[in-house]
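Here are my notes on this model, written as numbered points. Have the structure open while you read, and look up each residue as it comes up.

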Amino acid sequence: MEVTVFTPSLEGMEAVKSEQGEMLTKPFLDVCKHILPVIDKFGAAMALVKSDIGGNITRLENKYNTDPSKFTYLYTFVQVEVETKTAKSSSSCTNGLLWLTRAMDFLVELFRDLLEHPDWAMSQACSDSYNKTLKKWHGWLASSAFSVAMKLAPDRKKFMEVIGGSGDLNADIEKFCSTFAPLLAEIHKFLASCGLDDMKAS
């Protein structure tokens with residue numbers, strides 16, 4: 001079977017929604033987890049992003065594991081925290097979900113850039129996608145750390161070879177972006193409906 005580093009997340013996305021069209025917690029977090037090996041291939045440049053994503057997945061998983069039947073649906077975390085007025089806390093699951101979604105936005109944009117701009121260097125693709133997604137939510141400190149990290153971006157050609165595996169990489173990237181982006185947009189829409197989509201990093 002032809003596989004690329006995206007194969008597990010693409011397979012996982014098919015199970016993210018219930019038959020009623022609701023976002024399911026565990027399958028969504030699993031898809032995000034399957035992206036971590038892709039981020040690994042960036043090496044030091046993405047260490048910050050990876051620890052951020054990993055931390056937010058763990059935060060949501062730990063909460064999910066306290067009561068899997070209660071937290072079957074992804075938005076339950078937010079609804080519970082809105083009721084208890086804890087959603088805006090920096091350690092809330094709502095905050096974790098928001099930043100996890102934003103980090104995924106960044107990765108979708110990055111892979112879209114790599115697909116659409118074959119002549120761009122990796123650092124250029126990283127900066128462009130960062131400016132389009134995460135930058136406006138980051139304070140000066142996070143932005144500076146990110147700029148420094150981007151200087152460590154791997155060589156584009158080598159990176160693509162490493163993540164390519166034996167499958168059609170461009171087709172998988174295209175499918176990853178077009179399938180995942182609408183799911184992320186839906187999460188933003190839900191968070192916005194609760195007035196929780198515009199929290200910034202300290």
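1. In which loop is Lys-85 found? Lys-85 sits in the loop between α4 and α5. Helices here are DSSP runs (H or I, at least four residues), strands are runs of E with at least two, and both are numbered from the N terminus.

2. Before going on, keep in mind that this is a predicted model: local features need pLDDT of at least 70, side-chain atom pairs count only at pLDDT 80 or more, and totals for chains, interfaces and linings use all residues. Residues are numbered from 1 along each chain as its sequence is written, and side-chain values use heavy atoms, with hydrogens and water left out.

3. Back to Lys-85, which comes just after α4. Its phi is near 55°, a positive value in a residue other than glycine. Lys-85 counts as exposed because its relative accessible area is 74%. For these labels, buried means under 20% relative accessible area, exposed means over 50%, and partly exposed is in between (1.4 Å probe, protein chains only).

4. Now take α4 itself, residues 76-83. Its buried residues are Thr-76, Phe-77, Val-78 and Glu-81. They pack against α2 (25-40), α3 (47-66), α5 (93-116) and α9 (169-193). Contact means heavy atoms within 4.5 Å.

5. Zoom out to the protein chain: there are nine helices and zero strands. Buried residues make up 48% of its 202 residues. Among contacts with a separation of 6 or more, 75% come from residues 24 or more positions apart.

6. How about overall size? The C-alpha trace spans about 50 × 45 × 25 Å along its principal axes. A compact globule of 202 residues would have a radius of gyration near 17 Å, and the protein chain has 17 Å, so the two agree. That radius is taken over C-alpha atoms, and the globule rule is 2.2 Å times the number of residues to the power 0.38.

7. Is Ser-9 buried or exposed? Ser-9 is buried, because its relative accessibility is 0%. You'll find Ser-9 in helix α1. Leaving out residues up to four places away in sequence, Ser-9 touches Val-31, His-34, Ile-35 and Phe-176. The C-alpha atoms of Ser-9 and Ala-149, 140 residues apart along the chain, are separated by 25 Å.

8. Compare that with Glu-14, in the loop between α1 (7-13) and α2. Glu-14 counts as exposed because its relative accessibility is 66%. Between the C-alpha atoms of Glu-14 and Ser-127 there are 30 Å, and 113 residues separate the two along the chain.

9. Ile-57 is worth a click too; this residue lies in helix α3. With a relative accessible area of 2%, Ile-57 is buried. Which residues does Ile-57 touch, not counting those up to four places away in sequence? They are Leu-29, Cys-32, Lys-33, Leu-36 and Leu-100.

10. Last, the annotation. An unreviewed UniProt entry places the feature "domain: Glycolipid transfer protein" at residues 24-164. UniProt positions are given in the numbering used here, feature names are shortened, and annotations may be inferred rather than shown by experiment. In the model, residues 24-164 are 70% helix and 0% strand, and the end C-alpha atoms of this span lie 29 Å apart.
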